[in-house]
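Biologist: Please walk me through this one, a piece at a time.

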Amino acid sequence: MNDTPPKAPPLYPKSHLLAASGIAALLSLALLVFPSSDVEAKKTNLALELDTPADQLKQEQDAQNQNKATDETTVSPFAQIDNGADEPEDTAKTEPQALPAAAEAVVAAKNPGHKEIVVSKGDTLSTLFEKVGLPPAAVHEVIASDKQAKQFSQLKNGQVLQFELTPDGNLKQLHSKINDLESISLSRTDKGYTFTRDVSKPNVRTAYVHGVINNSLSQSAQRAGLNHSMTMDMANIFGYDVDFAQDIRKGDEFDVIYEQKVVNGKTVGTGNILSARFTNRGKTYTAVRYTNKQGNTNYYTADGNSMRKAFIRTPVEYARISSMFSMGRKHPILNKIRAHKGIDYAAPRGTPIKATGDGKVILAGRRGGYGNTVIIQHGETYRTLYGHMQGFAKGIQNGSSVKQGQVIGYIGTTGLSTGPHVHYEFQVNGVHVDPLGQKLPMADPIAKSEKQRFMQESQPLMARMDQEKATMLASSKR
Ligand SMILES: [Zn+2]
């Protein structure tokens, strides 16, 4: 740690007051302007093009207002930023296809060749073609025109098909929006129909949430506006330090800055967690996402240590410890005092067993009382052993390379064993140690050559979390 970090405010503010002061506040202000990616999404919607310019202008304004409204809620963490529940309302406002019947009629009047049909139960492409007055042969012609044109026959309830007809009643163009980001169309050319797919690229902006745990993490996260997959991401990021199954307490809290994908002012999805903070039983952990110059992405603590450890704590999720590490206990089968140089995790037969670290399999086979066993060598120093397996995972054999978390086999009761469990051993330079007593080795920290770049990214994120939280606490006191 003898490299010189840039002049920086302390990174672990004990009080939120700090956020309101000096550099931190300035950085935050810069960041509040940061969701600058609010450039209008590329409009691929045919309906807009068919509208008169005045209508189009109005819709763009609407879309902008929508953007603005969503922006404001971004600052307020209780605004359920990403709650799927209020999406149907958004949809009604932003999707031009969802125009009420009256408006639809107007469009049709101005543009007699334009017809819109909403797919309902039982509809097929044929019934829809019939409704707009196209002959049955046209369906065949359309489907046969292009391999991809079949997509028009995969209709969903509520989907809108837009037909553009020639004055003599033939199909000129067919267009439909598949989801918020994708639309497909077929246009008549001299040689038949050409299929095109438009995919609009969402704008990415950042959002902030803060939550305090009352009952469960998932409930509090949902209340704060964090969706399920984001909650899982957060649990994974902090999973090396916090045991989310056992250690969560009332009053634990979290802050998250994450990416939101926006199209035409509507949130259509979420991206990555950029930074997060989790306070568990009074101890605060901080994580920042960083992509190094080689393009590898990992989460680091605010001062650049890896969140990821070389080893995960346990090889089986949701298992019960049936026997602890001890230097002397009565063996249940041999009935003699013997050291138990590992930990037994009991779980139902067939439960996946994971490699606790990256490494090379040096044994996958039977080994005496251990039954079906996998031994993994991790670098020079560490070795792990997994015994009594029912069987090995596909591809696991002597010499295979494995990644941390990769499934290597399944819980069984082979060898000297009284019931389904995995016997897990951890060796440091050939000496058995208690894997639960061991301070787990860290993965690599930020390289010195990237430290400055890392700090430039991490400090504004930390400052913004402080600022947003301070703002939020201040407004809740009012
Ligand atoms: Zn054992």
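Modeller: Start with Lys448, which sits in the loop between strand S23 (431-433) and helix H10 (451-477). Helices (H or I, at least four residues) and strands (E, at least two) are DSSP runs, numbered from the N terminus. Keep in mind that this model is predicted: local features need pLDDT of at least 70, side-chain atom pairs need 80 or more, and totals for chains, interfaces and linings use all residues. Residues count from 1 along each chain as its sequence is written, and side-chain values use heavy atoms, leaving out hydrogens and water.

Biologist: OK, is Lys448 buried or exposed?

Modeller: Lys448 is exposed, because its relative accessible area is 55%. The cut-offs are under 20% for buried and over 50% for exposed, with partly exposed in between (1.4 Å probe, protein chains only).

Biologist: And how many residues separate Lys448 from Gly304 in sequence?

Modeller: They are 144 residues apart along the chain, yet their C-alpha atoms are 9.6 Å apart in space.

Biologist: Which way do the side chains of S17 point?

Modeller: Asn372, Val374, Ile376 and His378 go one way, while Thr373, Ile375 and Gln377 go the other. In a regular strand, side chains alternate between the two faces of the sheet. Strand S17 covers residues 372-378, and seven of its seven residues are buried.

Biologist: What does S17 pair with?

Modeller: S17 pairs antiparallel with strand S16 (residues 359-366) over six bridges, and also with strand S18 (residues 382-389), again antiparallel over six bridges. Pairing takes at least two DSSP bridges between two strands. Take Ile376: Val361 stands opposite it, and its bridge partner in S18 is Thr384.

Biologist: What about the turns?

Modeller: The S16 and S17 hairpin has five residues between its strands, and Gly368 there takes a positive phi near 45°. S17 and S18 make a hairpin with three residues between them, where Gly379 has a positive phi of about 60°.

Biologist: Now the sheet with five strands: what's the order?

Modeller: It's an open, antiparallel sheet ordered S1-S2-S3-S4-S5. Strand S1 (114-118) and strand S5 (192-199) are the edges, each pairing on one side only. Strand S4 (residues 182-189) pairs with S5 over eight bridges, and Thr189 stands opposite Gly192 in S5.

Biologist: And the sheet of three strands?

Modeller: That one is open and antiparallel too, in the order S15-S21-S19. Its edges are strand S15 (352-354) and strand S19 (391-392). S15 meets strand S21 (residues 407-410) over three bridges, with Lys354 partnered by Val407.

Biologist: Last one: where is Ser220?

Modeller: Ser220 lies in helix H8 (residues 217-224). Ser220 is buried, because its relative accessible area is 2%.
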